Amino acid sequence: MKKVLIVARTSPYGTVLPGEAFLAGIALRSMDIDTKLVLTDDGIFAAVKGQKAEAIGHKSVEDAIGSAPDFGLPVYLHREAIQERGIDPSQLLPLEMIDANTLKDMVKEADAIMTF
Amino acid sequence: MKVTFNVQTGPYTFQNLDTVYELAKRALDRGHEVAIFLYVDSIGAMSANIATPGDRNIPQRLTELAEKGAFIRGCGACAKYRGYKRNEMAEGTRLAGTAVLGEMIATSDKFINFGFNL
């Protein structure tokens, strides 16, 4: 079976991309394709708790990311990206953290990679 | 071999669609199977209304690839969000759901993503 890795690297709201990463991920999972979503670089901000997206008339990316496991889409947070940004992990949704080596393995194992 | 290209960036702003055209043309010429999915802003490249006097016409290039056998589909939801209508798409291209992207991935030997690289 094909393994798909989706990598969200951009902050939410500035562009639609982390939201699209989520949508692509749940679409592929709904087809029973083995799909993982990794938040890295500024994509980490998609997992910050307490987003008030309604204030700018957007849908909450936090809610989307938080709901991903309910769709069978595992989401991973890249630890170094969190540290580089000085984010306290308690500010983030309780998702599994991975280090750069694990991310490297995920990249190696994937048959298809989509970056957003 | 079957190669799938997934493009996210809009035409003329980014080089990705031009790169995919060149790669797809050569892959087809060598007898490979090619599928292209136009995702996010790249959906604009399927508009038959694009006019580029004196410059390359990307939707016509897509039609040319389709005539050579490329399977070209664009994200229907992306088109709706950007005001593109089903009947305005370049010949040989069609709108579809992300399930088609999933099928392309599942049936391809190589999958190459052309994203924003921000």
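Two residues count as in contact if their C-beta atoms, placed from the backbone, lie within 7 Å. I also noted that axes are lines fitted to C-alpha atoms, for helices over the stretch in contact, with angles from 0 to 180 degrees between N-to-C directions.

**Ground rules.** I'm working with a predicted model, where local features need pLDDT of at least 70 and side-chain atom pairs count only at pLDDT 80 or more, while totals for chains, interfaces and linings use all residues. Residues are numbered from 1 along each chain as its sequence is written, and chains are lettered from A and ligands numbered from 1 in the order in which they are written.

**Chain A, overall.** I looked up the elements and got 4 helices and 5 strands (DSSP runs numbered from the N terminus: helices are H or I, at least four residues, strands E, at least two). Read from the N terminus, they go β-α-β-α-β-α-β-α-β. The radius of gyration (over C-alpha atoms) is 13 Å, close to the 13 Å that the globule rule (2.2 Å times the number of residues to the power 0.38) gives for 116 residues, so chain A is as compact as a globular protein of that length. Of the contacts with a separation of 6 or more, 70% join residues 24 or more positions apart.

**A loop in chain A.** I found A:Gly50 in the loop between β2 (34–39) and α2 (61–67). Buried or exposed? A:Gly50 is exposed, with 7 other C-beta atoms within 10 Å (20 or more is buried, 12 or fewer exposed, in between partly exposed, with C-beta atoms placed from the backbone). From A:Gly50 to A:Ser60 I get 9.5 Å, C-alpha to C-alpha, for 10 residues of sequence.

**The sheet in chain B.** Here I traced an open sheet of 5 strands, order β4-β3-β2-β1-β5, with parallel pairing (two strands pair if DSSP finds at least two bridges between them). β4 (93–96) and β5 (110–114) stand at the edges with a single partner strand each, so one side of each has no neighbour in the sheet. The twist averages 20° from one strand to the next. β3 (residues 71–75) and β4(B) share 4 bridges, and B:Arg73 has B:Arg94 as its bridge partner in β4(B).

**Helices in chain B.** I saw α1 (residues 16–29) lying across β1 (2–7), β2 (33–38) and β5, at about 170° to β1(B). In α4 (residues 98–107), the buried residues are B:Thr98, B:Leu101, B:Gly102, B:Met104 and B:Ile105. Down the axis of α4(B), these fall within an arc of 160° (taken from directions from the helix axis to the C-beta atoms), so they line one face. On the other side, B:Ala99 and B:Thr107 are exposed.
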